[in-house]
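I opened this notebook to keep track of what I looked up in the model. The entries follow the order in which I worked.

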Amino acid sequence: MKLRASRNWLVLAAIVAVVFLVQGNFALGAAFPTKPITLVSSFGAGGGTDVTLRSLSSVFHHHFGQPAIVIDKPGGASIVAGDFLLSRKADGYTVAFLVPTGVVPEVYTYFREATYTSEDLKPVCLMSIVAFGLYVKDDSRFQTLEDLLNYGKQHPGKLAYAHNGRGHSYHLLMEMVKDRNNIETQDVPFKSGADIAMQVLGGHVDFGLSQTAGTVDSLIKAKNLRLLAVAHSERLPVAPEVPTFEELGYKFRPHYGALFVPKATPDNIVTLLREGLQKCYADKSFTSMMKRMGFIIQYAGPEVIEDYIKTEKEIIKPLLKKLGFAK
Amino acid sequence: MFLAVVLIINNMRLLKKRSGYAKIEESATETSATQRGKLWAGILVCFGYVLLMNLVGFLIVTFSILVVLMYLMGQRNLRIIVSIAVSFTALVYYVFSKILIIQLPEGLLSF
Amino acid sequence: MIEHIVNGFSLTFGLSNLLLMSLGMFIGIVVGAIPGLNSMQLIPISIPFTFWMKPHLALMFLLSEYVGSIYGGSISAILINTPGTPAAVATVIDGYPLAKQGKSGKALKMALYSSIFGDIFSTCVLIVGAVVLARIAMKFGPAEMAAVILFSLTLTATVLGKSIIKGLIAAVGGLILGVVGSDPITGTPRMMFSVYELSQGIGLVPVIMGLFAVSEVFVQLERKFTTRKIKGHLPESPKKEDQRVSLREFLSVKRSVFLGTIVGTFFGTIPGVGASASAFAAYSVAQRTSRNPEKFGNGCLEGIASVEAANNATTASALIPFLTLGIPGCATVAVLAAAFMLHGVIPGPLIFVQHGDVVYSIFIGLLFVNVLMLFEAQLGMNICRKIVTGVPTGIIFPIVFVLCATGTYSVSHSVVDVILMLGFGLMGYVMYKYEYPAAPLLISFILSPIFEQAMRQALVISHGSPMVFFRHPIALVFVILTLISLVLISFLIRR
């Protein structure tokens, strides 16, 4: 008697289990995507990347029919995210947002061990161009970049600046500037752009380099920070009198973020991803969110990214060698 | 590095012998051979749970571990064990994968 | 500015806002109470739900979830020795022992009242002094941070417990664990054993879940279970006053509450420290200045009061650098930053000008939310107590285990973290058996990476000269405090 009752319970339980498992997951032969897509953010919660991807995920459903989930895999200047991406199935359901150091890790081996190379990745499309700038506190004696560099030449080793990690774009650009002008400065790595802004505001370092969108933008507007130079293709609306590094003669590659999948992902799926993402980028609610925060979103196909990768290998690598950042 | 670990373990053993040995007997309440056995079984099962998760899948291992742990902790009523194991596994799965949208390892049951 | 305040009032007390605040608070408490889930998972997934809401509604909703989850964490800390949120980790020290004495209601209510006090106080500080405090917070550069954290590290001495050697071993163990990860300046991997997931260091969640929750599961596994009558693991004292906190009792711990609040507010304003570290700091400050320091750790009300006041105070004051400068003080606030930006409210100095009414409605809302918490938390704690004391241990703890494992996995999507959690569970079990205190380990584990990074940054800036700590006045103050503290401790220990 007791045994039979237990068996009934088991059967009931099994039915409940199957019902739960089965609901919404049968999609034999249906078109991609049939389940949610995972977007891997290479920087932590609340940062620019994370926010951008979450905004993207809010319009994802409209254009893909499936929602997007954002997970954060910070570390190693997006190498951890790249590593994670390559550990997943190459079925198009995991897409990672990587920045240059994680796209071509083989160029940056001086700074961190590369567990993969750009050959293992397949670019989907470009996502953002990150404009960043060099800024000082409002009461700083430096009015232009030239002032800063002159001071640096006359007082070697006195200046200290904040950036977000050795081997990242901000650090590399500054090292290039230092090398060109033959000055010595102390570079101090911090964890995030907000940290950098804070250190400059507090007068703990003489200047800093970080992304201008968001917090820094509002601090510049409030005249707490003074922008001295911008690393971008054009001047920023918030400070149109400030020249770009390129205008001043420093050519560097843009700090960009792009979406990637593992190389083995089938081409037809990648094409579907591209089409859908293009629609997402054009989506009005997405663009208005990005505009409000000052992020620059740009769609560009894989050829542009391949181009960047080429630049990385052909121009940046020798530059790094010259600066002493190559093994 | 390895030496450091060896040194630490050795020192801890010495410390234990000198100061804490008697204390252990009294602080381990009601410990008998069966209790120890249950504890080790439990620990092994927990490790097995994690290590097998990617292989076998979240649902199977979670169900199994709930059954085993409940049994080890004194539950003997099969009805309760199974129904709780099933419903809780389903609940956690539902909350985490549908509401929080976190992909739990699929293992054998990929669909 | 006046019209901002007036508008703020009307925004706060609008019906939809009140409803959303109540809902958010309730969800927050529930999620906080569930081990393995906390605001770090709740808020990111709540954000999409807020897209259609007006900014002040969305932000207040998320903030209510945040505040609620900080309290919710203490419910499970007290009832099952498992902090539901990292911020509640110090609550288990006195909360669980008190619950084991049958006075779970008292513990829970003490936690609630202290939390409310800490929250209201630091919100007032936020409202009145935000701009001024932010300016002071800005003065904390690497040298100052290093000095403050060094001072806090000396506080571990007070929580060493009965056996000093064991406490020190635990503290050193925590230091070693804090080393794992990439070097903060050069990025060199340290003790990572080629496991890339560890490049940011061992996560706080696996450590806390393992050290407290999983180890408790192992401890419970060893108990003798009578098959005839399955009881819960917590006795229930039938005396009514054991489940309540009288006004006199609350006033008797007012010193701890106040100290906890001050410490919490202070550490919240400085970005980078976090609620768990400040809770521990409050604990040791309260213990050191208490009339009955030996009672701490055995279910002492002061222990609960100081800790809970501190962790709630931190949550409100963490908004100070965030709202005024746009710099998030801790990870959860960083996620809230994303929410702010998504709704077009850019945090920073211009926020008072551009969105003054939203800011004031948030201020007022943060105060009012405590009223809501008073009622909703009572409901929540009664439900939880009934569950914990009614449902047999043999069912609760397996469920707790699964929740912890799943929750830990959901934080970083890596099985490595869950394996670490198990490892720490074993370690926690061993520590329990051999009576090694967990508190020193945790404190040094949390604080040492912050200290190391700050100190090395300070030294980089000063070209390696340690004089940097003496040249900066604030840093110097804390260095002196550290020395005083060390001297005092050596006297105490000798006694």
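**Entry 1: strand E3 of chain A**

I began inside a sheet, where A:Leu39 stands opposite A:Val95 in E3(A). Residues are numbered from 1 along each chain as its sequence is written, while chains are lettered from A and ligands numbered from 1 in the order in which they are written.

Strand E1 (residues 37–41) and strand E3 (residues 94–98) of chain A pair in the parallel sense over 3 bridges. Helices (H or I, at least four residues) and strands (E, at least two) are DSSP runs numbered from the N terminus, and two strands pair if DSSP finds at least two bridges between them. I then followed E3(A) to strand E10 (residues 255–262) of chain A, which runs antiparallel to E3(A) and is joined to it by 3 bridges. There A:Phe97 stands opposite A:Leu259. Strands of a sheet pair through backbone hydrogen bonds, either parallel or antiparallel.

Is E3(A) enclosed or open? I found 5 of its 5 residues buried, so E3(A) is largely enclosed by the rest of the structure. Buried is used here for 20 or more other C-beta atoms within 10 Å of a residue's own, exposed for 12 or fewer, and partly exposed for what lies in between, with C-beta atoms placed from the backbone. A:Thr94, A:Ala96 and A:Leu98 point one way from E3(A), and A:Val95 and A:Phe97 point the other way. In a regular strand the side chains alternate between the two faces of the sheet.

**Entry 2: the whole sheet**

I wrote down the order of this open sheet of 6 strands as E2-E1-E3-E10-E4-E11 (chain A), and its pairing is mixed. Strand E2 (68–72) and strand E11 (296–297) of chain A stand at the edges with a single partner strand each, so one side of each has no neighbour in the sheet.

**Entry 3: domains and confidence in chain A**

The domain assignment, which is automatic or from a database, gives domain 1 (37–130 + 254–323) and domain 2 (132–231) for chain A. I read 26 Å between the centres of these two domains, taken over C-alpha atoms. Between them, 15 residues of domain 1 are in contact with 15 residues of domain 2; contact asks for C-beta atoms, placed from the backbone, within 7 Å. Helix H4 (100–103) and helix H11 (302–323) of chain A are the elements that give two or more residues to the domain 1 side. That side divides into 9 nonpolar, 5 polar and 1 charged residues. Ala, Val, Leu, Ile, Met, Phe, Trp, Tyr, Cys and Pro count as nonpolar, Asp, Glu, Lys and Arg as charged, and the others, Gly among them, as polar.

I also checked pLDDT, the predictor's confidence in each residue from 0 to 100. Chain A averages 85, and 90% of the residues score at least 70. Over residues 23–29 of chain A the pLDDT is below 50, and this stretch has 2 contacts in the model beyond near neighbours in sequence. Where pLDDT is low, the predicted coordinates should not be read in detail.

**Entry 4: chain C against chain A**

I found 37 residues of chain C in contact with 43 residues of chain A. Helix H15 (331–342) and helix H20 (438–461) of chain C are the elements that give two or more residues to the chain C side. H15(C) gives the most, with 7 residues. By class, this side has 25 nonpolar, 11 polar and 1 charged residues.

I picked out C:Val460, which lies in helix H20 of chain C. C:Val460 is partly exposed, with 18 other C-beta atoms within 10 Å. Leaving out residues up to four places away in sequence, C:Val460 touches A:Gln186, A:Val188 and C:Ile185.

**Entry 5: chains B and C overall**

Chain B has 4 helices and 0 strands. Of its 111 residues, 27% count as buried. For chain C I noted 22 helices and 2 strands, with buried residues making up 65% of its 495 residues.

Note on methods: Predicted model: local features only at pLDDT ≥ 70, side-chain atom pairs only at ≥ 80, totals over all residues.
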